[in-house]
Each structure stands twice: as structure tokens, then as C-alpha cells.
Amino acid sequence: MNEQIRVLIALQQKDTEIRRHKEERARLPKLLEQIHGTLRSALATLEEAQRDLERLQQHKRAKERDLEIAADHLRKLKERTREIKTNKEYLAHLAEIEAAQASHKALEDDLLGLMEALEEAPAAVAERKRRFAEEETRLHQEEARIREASAQIEEALRQQEAGRNSAALQADPGALSHYEKLLQRSGGVAVVAIERGSCVGCHMSLPPQSVNAVRAGDRVLTCPQCHRILYWPQEN
Ligand SMILES: [Zn+2]
């Protein structure tokens with residue numbers, strides 16, 4: 001095989017590896033952003049549960065104050081009973097006491113409901129807190145793994161780019177510049193094999209004389225359709 005083709009095949013392999021690693025690297029910030037998004041929404045859920053609990057506690061305190069006032073009012077009403085002189089006054093007073101008792105009872109029922117809700121709420125908050133802590137630990141481990149993978153990719157890229165640059169020194173300047181232009185134009189694939197008589201780059205069926213010329217490997221030949229550099233794979 002022509003030495004320049006051999007050099008270009010090696011260069012293409014290195015550039016493909018580099019491209020794959022760069023694509024992998026480009027995905028990492030998105031993965032990190034997803035992790036942070038998951039954490040933010042888990043925290044929001046926890047904070048909402050905490051706010052619900054605080055609201056319940058505030059309602060309970062307000063209801064307790066209302067109940068005290070209602071009890072005081074009722075007590076004062078009852079104390080006034082002995083000052084009543086006429087039957088008509090007495091009936092009106094009794095109705096007032098009944099109304100006060102009813103509203104006292106309603107407040108008691110409300111308070112009971114709040115206390116029942118408050119029996120469940122702290123455990124629910126604690127459970128969410130526990131789940132959030134678990135999720136946080138898991139996601140921080142995941143984040144550390146991603147950062148480590150990122151460092152490994154950076155290191156691999158440094159080595160691959162150094163290898164690529166020394167491989168490029170072995171190419172003819174003309175062939176290298178042709179290759180690099182093709183690489184840019186053709187989605188990162190400039191050198192392709194012939195498989196079953198077709199160009200692997202664009203799948204065009206090649207004329208037998210072109211296949212034979214590429215197989216002979218005397219010079220650098222390109223696909224008439226996609227203009228990529230062709231080679232005959234050794235295993236064929
Ligand atoms: Zn082609």
C-alpha cells in the first residue's frame with residue numbers, strides 16, 4: 001500500500017477517536033445540569049413539605065388563641081346569668097350562651113382536626129428529608145464520577161492530539177492539506193474503505209477500474225461522488 005495512504009488512514013483513525021472523545025466531553029455539562037436540576041426539584045419538594053408543616057403549626061396556634069377567647073367569652077356570659085332579672089332577658093341570654101357554646105365547639109373541632117394533621121406531618125417531612133439526603137448523596141457521587149470521566153477524557157484528548165500531530169508530520173504537506181479540507185467538509189470522515197465495491201462514505205457503487213486502482217494502492221484516489229480518499233482494506 002502507498003505510504004501516504006497508510007499515513008492518512010492512521011491520521012483518520014486518530015481524528016475519529018479525537019472526535020468521539022470531544023462528542024463525549026460535550027455531553028458532560030448537560031449531564032451535570034440534569035443532576036443539578038434533579039437536586040433542585042428534590043429540594044423544592046422538601047421545602048414545600050416543610051412550609052406545609054409550618055402553616056399547619058401557625059393555624060394551630062391561631063386556633064388555640066381563638067379558642068381561648070371563645071372560652072373566655074363563654075365564661076363571662078355564664079357569670080352574667082345571675083344578674084338577669086326578667087324571663088325575657090333570660091331567654092335571650094340563654095340563646096346567646098348556646099351560640100357561644102356552638103362556636104366554641106366548632107373551634108374545638110377545628111383544633112382537633114389540625115392536631116390530627118400535625119401528628120402525621122412531621123413524620124412525612126422527616127421521610128422527605130431522609131429521601132432528599134439519599135438522593136443528594138447519590139447525585140453527588142454521580143457528579144464526582146462525571147467529573148472524573150471528564151478529567152480522563154481531557155487527558156486522553158491531550159495524548160491523542162499529541163499523537164495526531166506527530167502522525168500529521170509524516171504526511172506530505174499537499175496530501176495533509178487535502179485531507180484536512182476533506183475532514184472539515186465531510187463530517188469528520190475523509191478517508192474511507194471500499195466495501196463490496198462501494199465507497200463506505202457515500203455508498204456509491206464504484207466502477208471496477210476505480211476499485212482495481214485503489215486496490216493496487218499506487219496513488220491516492222478519491223470517490224467521484226463524495227470526494228473522500230479511498231483505500232482497500234487489508235482483510236479484503
Ligand atoms: Zn463516496
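Is arginine 196 buried or exposed? Arginine 196 has 79% relative accessibility, so it counts as exposed; the cut-offs are under 20% relative accessible area for buried, over 50% for exposed and in between for partly exposed, with a 1.4 Å probe and protein chains only. This is a predicted model, in which local features need pLDDT of at least 70 and side-chain atom pairs count only at pLDDT 80 or more, while totals for chains, interfaces and linings use all residues. Residues are numbered from 1 along each chain as its sequence is written, and side-chain values use heavy atoms, with hydrogens and water left out. The chain divides into domain 1 (8-171) and domain 2 (176-231).

**Zinc site**

- Four cysteines supply the protein donors of the zinc ion: Cys199 (SG), Cys202 (SG), Cys223 (SG) and Cys226 (SG). They lie 2.2 to 2.3 Å from the ion.
- Donors here are N, O and S atoms within 2.8 Å of the metal (3.2 Å for Na, K and Ca). Water is not among the atoms, so sites may look incomplete.
- The zinc site is tetrahedral, with angles of 104 to 114 degrees among its four donor atoms. Four donors count as tetrahedral if all angles lie between 85 and 135 degrees.
- Along the chain, the zinc donors are spaced as C-x2-C-x20-C-x2-C.
- Cysteine 202 sits in the loop between β2 (198-199) and α4 (208-216), and cysteine 223 in the loop between β3 (221-222) and β4 (229-231), so the pair ties together parts that are 21 residues apart in sequence.
- Helices (H or I, at least four residues) and strands (E, at least two) are DSSP runs, numbered from the N terminus.
- Cysteine 202 counts as partly exposed, at 21% relative accessibility. Cysteine 223 counts as buried, at 1%.

**Domain contact**

- The domain bounds come from an automatic or database domain assignment.
- The centres of domain 1 and domain 2 are 59 Å apart, taken over C-alpha atoms.
- Nine residues from domain 1 and 11 residues from domain 2 make the contact. Contact means heavy atoms within 4.5 Å.
- About 850 Å² is buried between domain 1 and domain 2, 62% of it on carbon and sulfur atoms. Buried area is the accessible area (1.4 Å probe) that two parts lose on being put together, summed over both.
- On the domain 1 side, Leu8, Ile9 and Gln12 lose the most area to domain 2. Together they account for 56% of what that side buries.

**Nonpolar core**

- The largest nonpolar core has 17 residues. Leu11, Tyr179 and Val191 touch the most other members.
- Such a core is a set of buried Ala, Val, Leu, Ile, Met, Phe, Trp, Tyr and Cys residues joined through side-chain atoms within 4.5 Å.
- Two or more residues come from each of α1 (3-80), α2 (87-169), α3 (173-185), β1 (191-195) and β4. Helix α1 gives the largest share, five residues.
- Domain 1 and domain 2 both give residues to this core, so it lies between them.
- Leucine 11 touches Arg164, Ala167, Ala168, Leu176 and Tyr179, leaving aside residues up to four places away in sequence.

- Aspartate 15 lies in helix α1. It counts as buried, at 10% relative accessibility.
- With residues up to four places away in sequence not counted, aspartate 15 touches Arg164, Tyr179 and Leu183.
- Histidine 93 is placed in helix α2. It is buried, with a relative accessible area of 3%.
- Histidine 93 touches Leu77, Arg80, Thr81 and Ile84, again not counting residues up to four places away in sequence. Histidine 93 and arginine 80 are 13 residues apart in sequence and 8.8 Å apart in space, C-alpha to C-alpha.
- Histidine 104 also lies in helix α2. It is buried, with a relative accessible area of 15%.
- Beyond residues up to four places away in sequence, histidine 104 touches Leu67, Ala70 and Ala71.

**Positive phi in loops**

- Arginine 196 is not a glycine, yet has a positive phi of about 50 degrees. It is found in the loop between β1 and β2.
- Histidine 227 is not a glycine either, and has a positive phi of about 65 degrees. Its place is in the loop between β3 and β4.
- Histidine 227 counts as partly exposed, at 42% relative accessibility.

Technical notes:
Tetrahedral: all angles 85-135°; square planar, octahedral: opposite > 155°, others 65-115°.
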